[in-house]
Amino acid sequence: MCAHVLVAEDDEMQAELIRRSLLSEGHTATVVHDGSAALDAARRLRPDLVVLDLMLPVIDGFGVCRVLRRDDDIPVLMLTARSAEDDVLLGLELGADDYMTKPYSPRELMARIRTVLRRSGRADGRREDPVIRAAGIAVDPERHEVRCDGAAVECTPAEFEILLAMVAEPERVFSRRQLMECTRGTDRASTERAVDVHIMNLRRKTEADPRSPARLLTVFGVGYKLSGGRG
């Protein structure tokens, strides 16, 4: 059961942990950090599930859930640091499918996500192929394989994690710190400078002209993005 999950969480470190857990399960993920961005992404991407923090800025999780339920039937799993019964009941009354109270374990969250997806039937028969594709690059998180324009590409573990994150969200601009967090499980000595080296190496492996990249682009003053649509 592979699905595309929208993660709406204002805590960047927590959001990255959820994103990496989803990718390790063979799902794809889009991460946003406020309620307005969550509604925009839900309309554009039509995800199979929304993991929704209640304490979002701009529009809180209650407001996001209310609009999602008015406009669509996308399953919603709420995350809340507020264990008050009234908060949980309000979220469920607004149409949330399940909830979890922080702190929680990533394994428990993934189990809840599997249950909601199975119950909703949203992911049944969809995205059976675990390979994630964008900009001519295909990443297989199960086999730990990368192909670029059909040719196999050898990547280090840190390069693989960076590429997996960028292919899962083409056109998203990642800061060096966000990409550094992607490599924490594979490169404990990772630094922002090391991210630059990983990107340089990936350009050598995926670009026709690494000195004038067409895929892995620098966004000056911010970080990097993968340019190109899905597929």
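These questions and answers walk through a predicted model.

Visitor: How many disulfides does the structure hold?
Guide: The model is predicted. A disulfide needs two cysteine sulfur atoms within 2.5 Å. C155 is in no disulfide, and its nearest cysteine sulfur, on C148, is 9.6 Å away. For the structure, the number of disulfides is 0.

Visitor: Is C65 buried or exposed?
Guide: The relative accessible area of C65 is 1%. Buried means under 20%. C65 is therefore buried.

Visitor: What is the strand order in the open sheet of 3 strands?
Guide: The pairing in this sheet is antiparallel. Strand 10 (174-175) and strand 11 (216-219) are the edge strands, each pairing on one side only. The order is 10-12-11.

Visitor: Which residue stands opposite F174?
Guide: Strand 10 and strand 12 (residues 223-226) run antiparallel and are joined by 2 bridges. In strand 12, the residue facing F174 is Y224.

Visitor: What angle does helix 6 make with strand 12?
Guide: Helix 6 covers residues 157-168 and packs on the sheet. Helix 6 touches strand 10, strand 11 and strand 12. Its direction and that of strand 12 make about 60°.

Visitor: What angle does helix 8 make with strand 11?
Guide: Helix 8, residues 192-206, also packs on the sheet. It touches strand 11 and strand 12. Between the directions of helix 8 and strand 11 the angle is about 145°.

Visitor: Are helix 6 and helix 8 oblique or roughly perpendicular to each other?
Guide: Their axes come within 10 Å and cross at roughly 80°. Helix 6 contributes A158, E159, I162, L163 and M166 to the contact, and helix 8 contributes H198, I199, N201, L202 and K205. Angles of 65 to 115 degrees count as roughly perpendicular. So helix 6 and helix 8 are roughly perpendicular.

Visitor: Is the crossing of helix 1 and helix 5 left-handed or right-handed?
Guide: On helix 1, the contact is made by L17, I18, S21 and L22. On helix 5, P106, L109, M110 and I113 make the contact. The crossing is right-handed.

Key
Residues are numbered from 1 along each chain as its sequence is written. This is a predicted model: local features need pLDDT of at least 70, side-chain atom pairs count only at pLDDT 80 or more; totals for chains, interfaces and linings use all residues. Side-chain values use heavy atoms; hydrogens and water are left out. Buried means under 20% relative accessible area, exposed over 50%, partly exposed in between (1.4 Å probe, protein chains only). Two strands pair if DSSP finds at least two bridges between them. Helices (H or I, at least four residues) and strands (E, at least two) are DSSP runs, numbered from the N terminus. Contact means heavy atoms within 4.5 Å. Axes are lines fitted to C-alpha atoms, for helices over the stretch in contact, and angles run from 0 to 180 degrees between N-to-C directions. A crossing is left-handed if the near helix is turned anticlockwise from the far one by less than a right angle, and right-handed if clockwise. Angles under 35 degrees count as roughly parallel, over 145 as roughly antiparallel, 65 to 115 as roughly perpendicular and the rest as oblique.
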